[in-house]
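Please read the following account alongside the sequence and the model, taking one region at a time.

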Amino acid sequence: MSTTALFLSNRSSIGRFILLSLFLLPCIAIADEPIDRIVAVVEDGVILESELRQKVESLKAGLRQSNMQLPPDELLTRQVLERLIIDKIQVQLAEKAGIRIDDETLRQAVQQIAQRNNMSLEAFRRSLREEGIDYAGFIEQIRNEITVGRLRSSQVNGHIKVSDHEVQHYLETHGKSDVNHDSEYLLGHILIATPQAASPSEVQKAKEKAEKLIEELNHGLDFKQAALTTSDAAQALSGGDLGWRKLSQVPSLFVDVVPTMAEGDIEGPIRSPSGFHIIKLLGIKGGEDERMIKTHVRHILIKPNEVLSDEDAKQKLLNLKERIDGGEDFAALARGHSDDKGSAIKGGDLGFVQPGALVPPFEEAMRRLEVNQISDPVQTQFGWHLIQVLERQESSDTDELLRNKARDEIFKRKAEEETELWLRRIRDEAYVEIRLNEPETTSFIPSFQ
């Protein structure tokens, strides 16, 4: 038989072999690679097993460094997954609201983190690498945190109002108390949550769970361990730690209880619209008197709109800053360009402002400025600002200081309480499908007869 004839006779077999090989090769490759399965569907996004595993391992490492006993893997995984779900919902809401964090804002945020750690940016990056932290992943996490912060500011903080009547009531109430309001309290917190519009049976079930937990805590169960595994509050993964707070910064739900507690005392369950709270007084320390610094400031505001994008608004301010640096008058440019019409007619002048009177991004940028220095463009929920500090004064007006502190603390309390309710609401309203207990997907390799 000729070579040609032999080839022709075997052609169909060779073709089948090639076809089979082409089919098998991708299947074999799939079999060799681990499959990153979906552990939760959150609205139109997903949470992958690798993402969950990474967060769990990171948390475990932190707990080991803190010499905390690790809870069972299943409980820890559930807690971390729930936190990832809430974070994912917030990021999605921010995207729908058109909130974007530009690279310069991100760079400044990372620079500030490095400075707080007494490092240059390059040294900080090196430190992250040495700790096994992916820099790109770290940057993305910071971007998400800033994004979520702006979302909360617009959805919660922007709607909070503090009336003069509330300030007066606060001062009268606290003025009658013998409590030292400069003392600071270290609080631990556990929330056993109830859903929105909870049925009586759901409320009773949550109450019984909280009462049982209090009994276990009083018999020696570690509070941080319990918070880590059972709390539905935002601080659960940090062991329920609310940090050091003056009485004026303690959530209003606990403000009457905390001064009566001794170190180590546990109180609860305390009912709120979010569920049942348990608190523990972990420490008390004295405080110091404060004096108020008032700042004379002016600004130019450019608001993005349907025609003017975020980047264009920022660039417009950069152009205005160049003109000011070139000798043009700040006040004249504010009158001609600022979208804050109330201050524009005064050359952008906001007068003397007290601490806490302005939104946090504006105030933080203002605090960093020297007198007569002009900021780079600063973004808040209102738009983009150029800020100039004209003067600073230390106020000895005790009444003004007290009223300002009262207004600030009332705002913080309201913000904390409203944020907790808002987080529960968006979680309840979101479509979430948890697939944590589904069996792992296995690779499929067909057999041929």
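This is a predicted model: local features need pLDDT of at least 70, side-chain atom pairs count only at pLDDT 80 or more; totals for chains, interfaces and linings use all residues.

Residues are numbered from 1 along each chain as its sequence is written, and side-chain values use heavy atoms, with hydrogens and water left out.

The second largest pocket has a volume of about 690 Å³; a pocket here is an open set of points on a 1 Å grid over the protein atoms alone, where a 1.4 Å probe fits, with protein on both sides within 12 Å along at least five of seven lines, and lining residues have an atom within 4 Å of a point. Of the 26 residues that line this pocket, Glu82, Lys209, Thr230, Asp232 and Arg424 are the closest to its centre. At least two lining residues come from each of helix H3 (73-96), strand E3 (184-193), helix H8 (200-218), helix H9 (223-230) and helix H14 (398-429), where helices (H or I, at least four residues) and strands (E, at least two) are DSSP runs numbered from the N terminus. H3 gives the most to the lining, with seven residues.

Helix H14 also holds Arg427, which counts as buried at 16% relative accessibility, buried meaning under 20% relative accessible area with a 1.4 Å probe and protein chains only. Although Arg427 and Glu82 are 345 residues apart along the chain, their C-alpha atoms are separated by 9.5 Å. Contacts of Arg427 (heavy atoms within 4.5 Å), not counting residues up to four places away in sequence, are made with Glu82, Ile85, Ile86, Ile89, Val432 and Ile434.

Strand E1 (residues 38-42) has four of its five residues buried, so it is largely enclosed by the rest of the structure. E1 runs antiparallel to strand E11 (residues 432-434), with three bridges joining them, and pairs in the antiparallel sense with strand E2 (residues 45-48) over four bridges; pairing requires that DSSP finds at least two bridges between two strands. In E2, Ile47 is the bridge partner of Ala40.

Elsewhere, Thr380 lies in strand E9 (residues 378-380) and is buried, with a relative accessible area of 7%. Its side chain reaches the backbone nitrogen of Phe382 at 3.1 Å. Leaving aside residues up to four places away in sequence, Thr380 touches Val359, Pro361, Phe362 and His385.

Technical notes: Grid points are joined across faces, edges and corners, and a volume is the space filled by probe spheres set on the points. Buried means under 20% relative accessible area, exposed over 50%, partly exposed in between (1.4 Å probe, protein chains only). A polar contact is a pair of N or O atoms within 3.5 Å; within protein, one must be able to donate a hydrogen and the other to accept it, and residues adjacent in sequence count only if both atoms are side-chain atoms.
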